[in-house]
Amino acid sequence: MKQLLLIIFVATIISCNNQQNYSERNVICDVEEINISSALENKDLIISDIVDSVKIIVLETTEKSILSSINQVIVGDKFIYIRDNYESGGVAIFKKDGSFLKRLSHGGGPGEINRAMRISYDKYNKKLLVSDSRKILIYNEKGDFIKDISPKFIYADFIAFKDKYLFFQLDIQNAETNLPSFIITDTLFKAIDKFYLNKKRYVMGGNFLSYTDNQDEVTFFRPLDNSIYSIGYDGKIKTKYKLIFPDFEANTDKYNECRDNTFWTELNKEQKGKCYFVGDFAETNNYLFFRFDKIRKGDVYVYINKKTKAIFSGINPFMTNELPNMGLLAGAYGNYFVKYLSLEYFGGIGAMSKIIEANKKFLSENDLAKLQNYKEDDNPILILYKMK
Amino acid sequence: MKKTLIILVVTAVFVSEMVLLYKIFDLNHIIALKNNMIDNLSIKYSAMQQQYPLGILNCGQYAKDRTLVDTLDNKITLLDFINTHGEKIIICRFAELECQECIKYAISVINKHKDVFDMTRVLFLANTKSKRIFKLQNKEYNIQKYNVLNCVEDLGIQAEQIEYPYFIVIDNELRVCGIYFPNKSTHGTDFDFKNVKLMYENLVK
């Protein structure tokens, strides 16, 4: 009897001792700071000085391939994957020349998407992963369904890196629910590491993941935090790049308590001409790209050559009609930055003649012909450009 | 000794179970849940409050006579459209950037009552800059068989500012006779029979 009671006692104590096995992890910061003050002065960006070549891909428009508003573009090895707003979140696959391959079917059956929240291309295993509510659907690179898995933990978003996956939460969620910021899993989605990033202020809006196709690490950032971080296989978080701009940096500390859009309203009201990092960051093999907001002046695009550290920048550069300046940043692929252009937001089809004129120096005859034949209700154009 | 041991074990079990219960019913979660309920109630209340000012602001206002376009680029003015479809029509207005689920729900409300409404007197009026996306909306929302037109210009009434799909009953003088909009906090799922009845009564009045 005594032994039985003792066993119950010990078992109960053990059951209550099931502590959370994740902890706060500090960022390792031993990186050289890049002073970009000179980049943020008022000047135009002459993109032709730094662009080596531009390719355009006109995504085929058919009854089945018609795209809704684009949310995400991934240029893979053989195919282009597009997550759009179709049926509240769909995925279309195109070949590299822009011809349509297929749209992943919608519904609740096996391999069907209900609402695609995020796509990721695992280039080492040649798989397309689609996050759909609480499950991950896995397809081969052509979009043939393989299987789906429901991870046994809560996450907001995910991305693939070499033979591992990284799941993460937004700051606001882990602050309130006490969940880990990051969970690294193996390819079977079994958690192998969970940790917090030391807390920073929560900011509404903005992106989180960097645009890059380097899957040896995951790079991420937070709007208004002027550092780019990386997570390696070992789960170590490093500051990869740190930007300083003492002459132009907006003072955001005074709005620390703002947790909604009043933050942006106050910031924009009070600090004209000052700058903050919006949250667009992309990295190719040889260049970095950052987008800053100069308050009440417009966007500032900043390109930095990774080898020479030479900086090229300018305000509101899309006014020039040069394609590498236009469109929205959508990704990076090898040496190329990737953007997409929905013409209706840049002057409609009427603006095409100006665009063709401004880009004759960049584009091949073939690409110019594609633009000349472009119709108003065609799918958006992908713009791939490589820096010198 | 035996008695003491039993008391000790029972106390330990009780304490550990309490700790377990505390973990299961995490106090933070309970507080968050309570706050969430209060927020939901206040959102519902503010939505109810909004109905009245929006009605007052919009009813009796005159919309601007805009040019409307169909998927084949055929043009018609709003006034001409109303005159060819009856003295009063219902406009279901939705924009490209509004949440798709809310638009789908708003459209399904009309679709569900299509036998009650004369669907020739219902106009689905998009506000979509992209011709491509306008065509796609027709397909996605399954409204190809109805009157679907696009107008990227503001109709000149207050309701255009709510950034949410809404319904208006409008007469052949372009006067807004009634406005009906779903509750934002519930994605419009409480836009029920009562609203539809009011809308119908206003249409045939």
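**Notes on salt bridges and a surface patch**

1. Let's start in chain B. B:Val19 is found in helix H1, which covers residues 2–24 of chain B. Helices (H or I, at least four residues) and strands (E, at least two) are DSSP runs, numbered from the N terminus. Keep in mind that this is a predicted model, where local features need pLDDT of at least 70 and side-chain atom pairs count only at pLDDT 80 or more, while totals for chains, interfaces and linings use all residues. Residues are numbered from 1 along each chain as its sequence is written, chains are lettered from A and ligands numbered from 1 in the order in which they are written, and side-chain values use heavy atoms, with hydrogens and water left out.

2. How exposed is B:Val19? B:Val19 has a relative accessible area of 38%, so it is partly exposed. On this scale buried means under 20% relative accessible area, exposed over 50%, and partly exposed in between (1.4 Å probe, protein chains only). Together with B:Phe14, B:Val15 and B:Met18, B:Val19 forms a nonpolar patch on the surface, with about 370 Å² of accessible area. Patches are made of residues with over 30% relative accessible area and no salt bridge; like charges are joined within 9 Å, nonpolar side chains (Val, Leu, Ile, Met, Phe, Trp, Tyr) within 5 Å. The areas come from the Shrake-Rupley method with a 1.4 Å probe, and for residues only the protein chains shown count as cover.

3. Now for the charged pairs. A salt bridge here is a side-chain nitrogen of Lys or Arg within 4 Å of a carboxyl oxygen of Asp or Glu. By this rule there are 22 salt bridges over all chains.

4. Have a look at A:Glu283 in strand E19 of chain A. A:Lys240 makes a salt bridge with A:Glu283, with the closest N and O atoms 2.9 Å apart. A:Lys240 sits in strand E18 (residues 237–244) and A:Glu283 in strand E19 (residues 275–283), so the pair ties together parts that are 43 residues apart in sequence. A:Lys240 is buried at 16% relative accessible area, and A:Glu283 is buried at 6%.

5. A:Glu283 also meets A:Lys306 in a salt bridge (2.9 Å, N to O). A:Lys306 lies in the loop between strand E21 (298–305) and strand E22 (311–315), so this pair links parts that are 23 residues apart in sequence. A:Lys306 counts as partly exposed at 25% relative accessibility.

6. Leaving aside neighbours within four places in sequence, A:Glu283 is in contact (heavy atoms within 4.5 Å) with residues including A:Tyr211, A:Thr212, A:Leu288 and A:Phe337.

7. Next, A:Asn285, in the loop between E19 and strand E20 (287–294) of chain A. A:Asn285 is exposed, with a relative accessible area of 52%. A:Asn285 and A:Asn335 are 50 residues apart in sequence, yet 5.2 Å apart in space, C-alpha to C-alpha. Not counting residues up to four places away in sequence, A:Asn285 touches A:Lys306, A:Gly334 and A:Asn335.

8. Finally, a link between chains. A:Asp377 forms a salt bridge with B:Lys135, the closest N and O atoms being 2.6 Å apart. The pair crosses from the loop between helix H5 (365–372) and strand E25 (381–387) of chain A to helix H5 (residues 131–140) of chain B. A:Asp377 is buried at 17% relative accessibility, whereas B:Lys135 is partly exposed at 34%.
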